[in-house]
Amino acid sequence: MQLVGVQIPRKPPKQLKEFEREKMINDFVVYKSEADNQGRLVELVHNKHCEVYEVIVDGIPVFNCTDYTQAEHEFRMECV
């Protein structure tokens with residue numbers, strides 16, 4: 001499991017030009033999103049810019065890899 005200490009911004013900064021903002025928004029695809037038993041938001045996201053799948057808990061990336069199956073497994077483990 002790889003830990004990442006960088007939070008993904010949900011909205012692009014306003015100082016970016018419009019086409020840069022659109023590109024930044026389109027770089028992420030949310031495949032699954034679920035609230036776990038503790039009230040945390042757990043998401044399985046495809047980061048198309050880096051070509052990795054990420055598991056994000058409450059906006060903080062906690063796992064990333066290039067294999068969807070492994071990322072989906074980690075997503076399910078976070079939801080337990």
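Colleague: What makes Arg40 and Asp36 a salt bridge?

Modeller: This is a predicted model, and the closest N and O atoms of Arg40 and Asp36 are 2.6 Å apart. The cut-off is 4 Å from a side-chain nitrogen of Lys or Arg to a carboxyl oxygen of Asp or Glu. The value is within that limit, so the pair counts as a salt bridge.

Colleague: Why is Asp36 called buried?

Modeller: Its relative accessibility is 7%. Buried means under 20%, so Asp36 qualifies.

Colleague: And what is Arg40, buried or partly exposed?

Modeller: Arg40 has a relative accessible area of 22%. Buried needs under 20% and exposed needs over 50%, so Arg40 falls in between and is partly exposed.

Colleague: How many salt bridges does a search of the whole structure find?

Modeller: Four. One of them joins the side chains of Lys32 and Glu72, at 2.4 Å from N to O. This pair links distant parts of the chain: Lys32 sits in strand S1 and Glu72 in helix H2, 40 residues apart.

Colleague: How do you know that the side chains of Glu72 and Arg76 meet in a salt bridge?

Modeller: The N to O distance is 3.9 Å. The limit is 4 Å, so the pair counts. Both residues lie in helix H2, four residues apart, about one turn of the helix.

Colleague: Which residues do salt bridges that share partners join into one network?

Modeller: Lys32, Glu72 and Arg76. Glu72 bridges to Lys32 and also to Arg76.

Colleague: What makes S1 and S4 the edge strands?

Modeller: The open sheet has four strands in the order S1-S2-S3-S4, with antiparallel pairing. Strand S1 (28-35) and strand S4 (60-65) each pair on one side only. The twist averages 20 degrees from one strand to the next.

Colleague: Why are S3 and S4 called paired?

Modeller: Pairing takes at least two bridges, and S3 (residues 52-57) and S4 have five, so they pair, here in the antiparallel sense. The bridge partner of Glu54 is Asn64 in S4.

Colleague: Where does helix H2 lie?

Modeller: Helix H2 (residues 68-79) lies across S1, S2 (41-47), S3 and S4. The helix runs at about 170 degrees to S2.

Key:
Residues numbered from 1 in each chain as written. Predicted model: local features only at pLDDT ≥ 70, side-chain atom pairs only at ≥ 80, totals over all residues. Heavy atoms only, no water. Axes fitted to C-alpha atoms, helices over the stretch in contact; angles between N-to-C directions. Contact = heavy atoms within 4.5 Å. Buried < 20%, exposed > 50% of the residue type's maximum accessible area, 1.4 Å probe, protein only.
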